[in-house]
Amino acid sequence: MTFLTDAELCLGLSRHLSAYQMSPERAALEQLEFAGWTLDMAFRLQGSTSSSARRVQAIGFDVGVGNRNLNAVLVTMESLGWVSVERDDNGVAVSITERIPTRGDLVLAAPVLLQTVMATAVERAALALLRATALQPLLVHAALQMAATAEGVGGSAESAEAALRHLTHTGLIRRVVAADGREVLYNPNIWVQGDSIAQAALRATDARGTSEVTALLEELAENPGMPEERVTSTERRWIDFAVSQNLVQRSVVQTSDGGVERGFLFTPHLGRDPFGGSVADVSGHVRQLVGSMVYAATYAQFKLHSPDVFLRSLINRGIAGNVSSIGTDYPMLEKAGVVKVVDGMTPGKYSLQLLQPDVARDALKMLDTREGTEGESSDIAALRAQRSYVHVDKERARLALTAGIDEVEQARLIAALREVPVKRMFGGQP
């Protein structure tokens, strides 16, 4: 699975560019904007069977596509076999019958769409830069090299440079010059810490770990709330490094019997997109809830089968569970105001009452993106195994106390990481 598919990027970019007046920078990304319109129309028409021209026109207006561009979009969709258009004797559309692929297949069809609309080398480089700088902050030369070697760019450094100019002009990439003169690129809608995040890119480069951090972030983006010990993309030392640099967030669950602490990892991409269209989990409550569910499905003695089913029940009914241990096992979630422990249906047993439906809905979305949890069973009583949940901010504070954050400790950390050669290559550099 690719972090931020071409379909997601084209859709987001078309909506983002609509807020800008026509300019050389917007014009240079015209085919990507057009591809976004086409995908937007396809997603809205999918499953409608047959529509009148008037209805399709109204949908186009809602997308932000006028009649002239809408006609071009329909012609493109016809060439892809997604629609057939019945026209009158004057060539004016009368009705549109859709044969649009499923949503999943539409996402997979984005590369063919880009080829159909003849996306330029600059535009393909822009997609690569958007994807790379959303995933993590990068030194400019590394990001440009990635963009130049992307499919359809043909190794053109000029195309990559042009794409960077257009994206910085439209606010999708920020360029920062560090004190030592090195330049860092990052997406300000994802990395909301501001220019201070540039230091993480510099330290990753100095530790020769950019590729390791990239692999980790890609794995976690697909598996939010992943148990730390299940990570396969890199070694523990790089996980600790990424957490220390605020590139990865770690939350900890400990069982009621004082057993081994289990760490759960998240990327800062939770609730954010490269185009600024969503709000992040600032409070950490979504991570708390997801971590609780993943723990119950992974480590509990009686594992929770389908945490998403439990959350859906909690959302739909406002209350879920009927076990005695709920009365004592969720102090952190209750303290955070996410849930409230109430009397259950059976004397001596308790249930969770949902107080923050938005948190639960966001947690459910995150669980739905996961690849699945091994060894699940159907016993809802697995939820009782959680005794306390350590908020991500508390974990960060603990890490700061144990690892140190001053420049001397940072230098020592980077030196230690560099002692062992990394396994990957990134942009041609070790």
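Predicted model: local features only at pLDDT ≥ 70, side-chain atom pairs only at ≥ 80, totals over all residues.
Figure 1. Residues are numbered from 1 along each chain as its sequence is written, and side-chain values use heavy atoms, with hydrogens and water left out. Of the 430 residues, 50% count as buried (buried is under 20% relative accessible area, exposed over 50%, partly exposed in between, with a 1.4 Å probe and protein chains only). The chain holds 20 helices and 13 strands; these are DSSP runs numbered from the N terminus, with helices being H or I of at least four residues and strands E of at least two. Take the contacts with a separation of 6 or more: 67% of them join residues 24 or more positions apart (contact means heavy atoms within 4.5 Å).

**Figure 2. Helix α3 packed on helix α5.** Here α3 (residues 30–45) and α5 (residues 67–79) pack at about 75°, with their axes 10 Å apart. That makes α3 roughly perpendicular to α5; angles of 65 to 115 degrees get that label, those under 35 count as roughly parallel, those over 145 as roughly antiparallel, and the rest as oblique. The axes are lines fitted to C-alpha atoms, for helices over the stretch in contact, and angles run from 0 to 180 degrees between N-to-C directions. On the α3 side, look for Phe34, Trp37, Thr38, Met41, Ala42 and Leu45; they meet Asn69, Leu70, Ala72, Val73, Thr76 and Met77 of α5. The residues of this contact split into nine nonpolar, three polar and no charged (Ala, Val, Leu, Ile, Met, Phe, Trp, Tyr, Cys and Pro count as nonpolar, Asp, Glu, Lys and Arg as charged, and the others, Gly among them, as polar).

Figure 3. The structure holds two aromatic pairs. In one, the rings of Phe34 and Trp37 have their centres 6.3 Å apart and their planes at 65°, so the pair is edge-to-face. For the cut-offs, rings of Phe, Tyr and Trp (its six-membered ring) pair if their centres lie within 6.5 Å; planes under 30 degrees apart count as stacked, over 60 as edge-to-face and the rest as tilted. Phe34 and Trp37 sit three residues apart in α3, about one turn of the helix. Phe34 is buried at 11% relative accessible area, and Trp37 is buried too, at 13%. The rings of Trp238 and Phe241 have their centres 5.8 Å apart and their planes at 85°, so this pair is also edge-to-face. Trp238 and Phe241 share helix α13 (residues 236–244), again three residues apart. Trp238 is buried at 1% relative accessible area, and Phe241 is buried at 0%.

Figure 4. The buried residues of α11 (residues 198–206) are Ala198, Ala200, Ala201, Leu202, Arg203 and Ala204. Arg208 follows α11 and has a positive phi, near 55°. Most residues other than glycine have a negative phi. Arg208 lies in the loop between α11 and α12 (210–222), and at 41% relative accessibility it counts as partly exposed.

**Figure 5. Thr5, ahead of helix α1.** Thr5 lies in the segment before α1 (6–17). At 17% relative accessibility, Thr5 counts as buried. Leaving aside residues up to four places away in sequence, Thr5 touches Val107 and Arg131.
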